[in-house]
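Here is a short report for a reader meeting this structure for the first time. Look at the sequence and the model, then read on.

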Amino acid sequence: MLIALTAAGVTVLIDATAGRLPAVAYWGPALPGLDAEQAESLVAAAQPVTGSNDPEIRPRVAVLPGHETGWTGRPGLRGSFAGAGWSPAFLVTEVTVDGDPVGAFHAGGAGRVEVRAVDDADRLELRLTLELLPAGLLRCRAAVRNLAGEPYALDDLVLALPVPAEATELLDFTGRHNQERVPVRTPFPAGTHLRENRKGRTGADSAYLLHAGTAGFGFATGRIWAVHTAWSGNHTHYAEQVHTGERLLGGGELLLPGEIRLATGESYQSPWLYAAYGDGLDEIARRFHRHLRAREPKVSTQRPVTLNVWEAVYFDHDTDRLIDLAERAAAAGVERYVLDDGWFGSRRDDTSGLGDWVVSPEVWPRGLHPLVDRVRALGMQFGLWFEPEMVNPDSDVARAHPEWIMAARAAWPIEARTQQVLNLGIPEAYEHVKTQILAVLREYDIGYVKWDHNRDLVEAGDQTHRGRPGVHAQTLAFYRLLDEIRAAHPGLEIESCSSGGARVDLAVLERTDRVWVSDNIDPHDRQRVMRWTAQLVPPEYLGSHIASGHSHVTGRRHDLAFRAGTAIFGHLGIEWDLAEATEAEAAELREWVAFFQRERDLLLGGDIVRLDGYDDRILVHGAVAPDRSRALFAMAITDSITPDPAPRLRLRDLDPEARYRIRPVLVGPEPRLVAPGWWGADRSGHILTGAALELAGVASPRTHPDQVVLYEASRV
């Protein structure tokens, strides 16, 4: 049978004929008029000839590639019954679309294809799901169940999708703490481009998204196919090209040795592998954004402006000082106040108390009530920091239950940040953490939790099971803990923070409302980190704070206009000791907060646009309203440039025939720059068509390095 699904300009043609596992025969731009005859002809016409010294029948690469077809590339399923049954041949027994049986041909819009198959020895059942979502995203996953009377050791279960020969370049990411999501572009190699993550969390250096596209693809142009493994533990992304020319993109969970052993009747389900096709990186990004924006509960564009106290006070939890900071924040227009690390147990620095989620009577003799009550009286929400999966060895919980620490042997793993990992896969440890968190949430009026995770899972074993690997169980327990806490407190918002941005993926974003993009809030670096984090995550999820004038991470100094002009293109916050702000800075900060509050529907709800054609020191990006009536753009200069001034500002994705007033947006004092004449003495700008703004552009001002200039385009 053949199944054609089309949504949001994308068609996926699935070949499930002759009882074989489904293969994607076509995935790309929508194919008009794709009826049964055309689908059969397309599949037949695409059948390649047999090459020299190849099998008599050209291997057919299913979504779960298998050796039984003659495929010598990476198999989708690896495992065995004590060495036997390592190359199962599956026969499909059932295919449904949206729950209904399928005849010889099915054509429709967005929909879910479910496939059941059993191997030739009746020892394994396989269930495959392929779903085309309304945003044009394709996602797939697999589940395998042991039907035999002996254990099945599952080593690997990854899925793969084909891309055409024109996809000659790869783009994925690397990075580190404070420099997350650094793009890396390489040729599509012969053999395998393999990105494995063994950190037990998504990772600051994860592949994030693996793109394959036509040569030189950019933000606006080039045919691109991309995959993302939606899993917050160990995981894999890979691109593969075999000698016969087939090219695949794939991914799944990375399983540690012995981690999954299926007894009779037990099953394992892989994470979703998401896949996007688009013309240009911006279209790829928008597909993911539209998918997340359709999530329930929705994340509103009316995100409250947030103040986090971390870089203002660190562990110095003085009630009077914190209340003073709350009053200054409220005066600036802040709508949410977050108390960070240091409020619990013996946590006076980062060496003690982690894991004891009880308010410290030493620091807070009346509990958090004086601060919470004052914050709420000022009209702000109150938020609180937790790090539920981590523990200091110097803590009550570690002393009472050393067996709850994740370890592969009797000795604990090497420490990182004076921390070990609490094994949430142990039911008693899980209940301990959940009970303590829920007790705090019941006692105080808390609307927001910053959920941190500050170290990798090294030698993450389960001491109660002879040190067997525990990352898979830990990841599922983390998801379950989030789900249960949110079920108990439906209005609670949760931020995923992990040494900054080391746990950012679609699975965690199903359960959280914000990600902390990076611990580095220096706007010079944040310009790029925000630019590339947005390849998957829409701006309303991106925690983006106005830092202090002197960066605590890099030591650079920046004026408020650059700090704020960078931060407003995400969920705006402040991380600055406002007691150190001058009167002029406080007044300017109020203007920036008010500007964000007026414009957050556009800044956080618009379509992301990033401009090609500038060198790496000039970053142009913006948000365009879905109806193309308005747009806000920024041109950031992050270094000295040659030539000077910068090239013309060009805006993209406006209505080419409509006329727009383009003008600079000046918040606070006018920055030091040399303005072009078209700005006008009153800064009212000029009127030009959308086509002229994209194809011709307007002159840029002369600016210093580390300056950003904002522009508004409004249809007239």
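Glu283 is partly exposed, because its relative accessibility is 28% and this class lies between buried (under 20% relative accessible area) and exposed (over 50%), with a 1.4 Å probe and protein chains only. The model is predicted: local features need pLDDT of at least 70, side-chain atom pairs count only at pLDDT 80 or more, and totals for chains, interfaces and linings use all residues. Residues are numbered from 1 along each chain as its sequence is written, and side-chain values use heavy atoms, with hydrogens and water left out.

**Salt bridges**

The side chain of Glu283 forms a salt bridge with that of Arg287, at 3.2 Å from N to O. A salt bridge here is a side-chain nitrogen of Lys or Arg within 4 Å of a carboxyl oxygen of Asp or Glu. Glu283 and Arg287 are four residues apart in helix H2 (residues 281-293), so about one helical turn separates them. Helices (H or I, at least four residues) and strands (E, at least two) are DSSP runs, numbered from the N terminus. Arg287 is buried, with a relative accessible area of 4%.

How many salt bridges does a search of the whole structure find? The search finds 57.

| Pair | N to O distance | Relative accessible area |
|---|---|---|
| Glu283 and Arg287 | 3.2 Å | Glu283 28%, Arg287 4% |
| Arg293 and Glu540 | 2.7 Å | Arg293 23%, Glu540 2% |
| Glu166 and Arg223 | 2.9 Å | Glu166 34%, Arg223 27% |

Arg293 and Glu540 meet in a salt bridge. This pair links distant parts of the chain, 247 residues apart. Arg293 is in helix H2, while Glu540 is in the loop between helix H10 (523-533) and strand S32 (542-547). Arg293 is partly exposed, but Glu540 is buried.

Glu166 and Arg223 also form a salt bridge. They join distant parts of the chain, 57 residues apart. Glu166 sits in the loop between strand S11 (152-163) and strand S12 (169-176), and Arg223 in strand S16 (residues 223-229). Glu166 is partly exposed, and so is Arg223.

A network of salt bridges links Asp282, Arg286, Arg610, Arg652 and Asp653. Two of these residues, Arg286 and Asp653, are among the contacts of Arg628. Contact means heavy atoms within 4.5 Å. Arg628 lies in the loop between strand S35 (618-624) and strand S36 (630-637). Is Arg628 buried or exposed? Arg628 is buried, at 19% relative accessible area.

**A helix pair**

Helix H4 (residues 319-332) and helix H5 (residues 369-377) have axes that come within 10 Å and cross at roughly 10 degrees. Axes are lines fitted to C-alpha atoms, for helices over the stretch in contact, and angles run from 0 to 180 degrees between N-to-C directions. H4 and H5 are therefore roughly parallel to each other, a class for angles under 35 degrees. In H4, the residues that meet H5 include Leu322 and Ile323; in H5, those that meet H4 include Leu371 and Val375.

**Backbone details**

The peptide bond between Glu296 and Pro297 is cis, with omega about -5 degrees. Pro297 lies in the loop between H2 and strand S22 (306-308). Another cis bond runs from Asp644 to Pro645, with omega near 10 degrees.

Asn53 is not a glycine, yet has a positive phi of about 65 degrees. Asn53 is exposed, at 80% relative accessibility.

Note on methods: Parallel < 35°, antiparallel > 145°, perpendicular 65-115°, else oblique. Lists of a residue's contacts leave out its neighbours within four places in sequence.
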